[in-house]
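Student: Before we go through the packing terms used for this protein, could we look at the model together, so that each label can be set against its definition?

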Amino acid sequence: MLDQNALRALLLSTAAGLSTMLGALIIFVSRKSERLVTCSLGFAAGVMISVSFTDLYPNAQELLAAFAGEKAGVLLTVAALLCGILLAASLDRFVPHQEYDDATGEAPHQNLFRVGFVSMLAIGLHNFPEGIATFMAGYENLSLGASIALAIALHNIPEGISVAMPIYFATGSRRQAIKYTFLSGIAEPTGALLAFLVLRPLIGDAVLGAIFGLVAGIMLYIAIEELIPSSRQYGYDHDALIATFAGICLMPLTHIL
């Protein structure tokens, strides 16, 4: 039954997840240019790398250490990370690549849709366990749940940019960009709802820790294999590098705002 505590926790998770839509608003004020595409893709890569190492991996290790002890926790976290990388690499084999245009020998602009799509999947997978965590915290303690939801909302905004920009530049459609950004964000309240309906008795340190480690590996693979190479295909390598470092540096700052 949906009691007051559960409703409160679901609302917190929904607000945190849909904050990705704020990042998507950039498509209404930006003009199309290859330099902007370069910067947005490099920024997205930096965001994913930073989230993996400053958020997901430490949380995974802390949870798994609480479950299995310090040394075993480190080993289990690394194992989960590697499983995420291998899973992403396996899935990548089934997604068609179009690295170069046969006529010109140049990388096709259309390939950005693929980049945006896999970014949407990665961020959705990241948001799903965050929704579970936000729900569980908000259900037990309103103050703690609100603090976690605010922190997640702040770092979901640049994640929304990561999805919306490549989709928008690939399709020219703001509606498509908004749709895919919404799908990545709605994963958070979906995770919260699943936690309420099914997982409350099953969720523990081991399960959440393994999920966080797995998602960290997936995000690292996408950042290194997809986003960084795509950001450099337009010839603005220096801009891509600066944007990547900007994404890496920004995400830890969202934890202190």
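Tutor: Keep in mind throughout that this is a predicted model.

Student: Which helix gives the largest share of the lining of the second largest pocket, and which residues lie nearest its centre?

Tutor: The largest share, 5 residues, comes from α5, while the lining as a whole has 14 residues, with Ala 88, Leu 91, Val 118, Leu 121 and Ile 222 nearest the centre. The space in this pocket is about 240 Å³.

Student: What is the make-up of that lining by class?

Tutor: The lining of the second largest pocket has 12 nonpolar and 2 charged residues, with no polar ones; note that Gly counts as polar under this scheme.

Student: Which residues make the contact, and how do they divide by class?

Tutor: On the α4 side they include Ala 80, Leu 81, Gly 84 and Ala 88, and on the α8 side they include Ala 210, Gly 213, Gly 217 and Tyr 221. By class, the contact of α4 with α8 divides into 13 nonpolar, 3 polar and 3 charged residues.

Student: What makes α3 roughly antiparallel to α8?

Tutor: Their axes lie 8 Å apart at an angle of about 160°, and since angles over 145 degrees count as roughly antiparallel, α3 is roughly antiparallel to α8. α3 passes α8 in a left-handed crossing, and the contact of α3 with α8 has 26 nonpolar, 8 polar and 1 charged residues.

Student: At what angle do α3 and α9 pack, and what is the handedness of their crossing?

Tutor: Helix α3 (residues 34-68) packs against helix α9 (residues 237-253) at about 40°, with the axes 6 Å apart, and the crossing of α3 and α9 is right-handed. Among the residues in contact are Gly 42, Phe 43 and Gly 46 of α3, together with Ala 243, Gly 247 and Met 251 of α9. By class, this contact of α3 with α9 has 12 nonpolar, 7 polar and 2 charged residues.

Note on methods: Residues are numbered from 1 along each chain as its sequence is written. This is a predicted model: local features need pLDDT of at least 70, side-chain atom pairs count only at pLDDT 80 or more; totals for chains, interfaces and linings use all residues. Side-chain values use heavy atoms; hydrogens and water are left out. On a 1 Å grid over the protein atoms alone, a cavity is a set of points where a 1.4 Å probe fits but cannot get out, and a pocket is an open set with protein on both sides within 12 Å along at least five of seven lines; lining residues have an atom within 4 Å of a point. Grid points are joined across faces, edges and corners, and a volume is the space filled by probe spheres set on the points. Helices (H or I, at least four residues) and strands (E, at least two) are DSSP runs, numbered from the N terminus. Contact means heavy atoms within 4.5 Å. Axes are lines fitted to C-alpha atoms, for helices over the stretch in contact, and angles run from 0 to 180 degrees between N-to-C directions. A crossing is left-handed if the near helix is turned anticlockwise from the far one by less than a right angle, and right-handed if clockwise. Angles under 35 degrees count as roughly parallel, over 145 as roughly antiparallel, 65 to 115 as roughly perpendicular and the rest as oblique.
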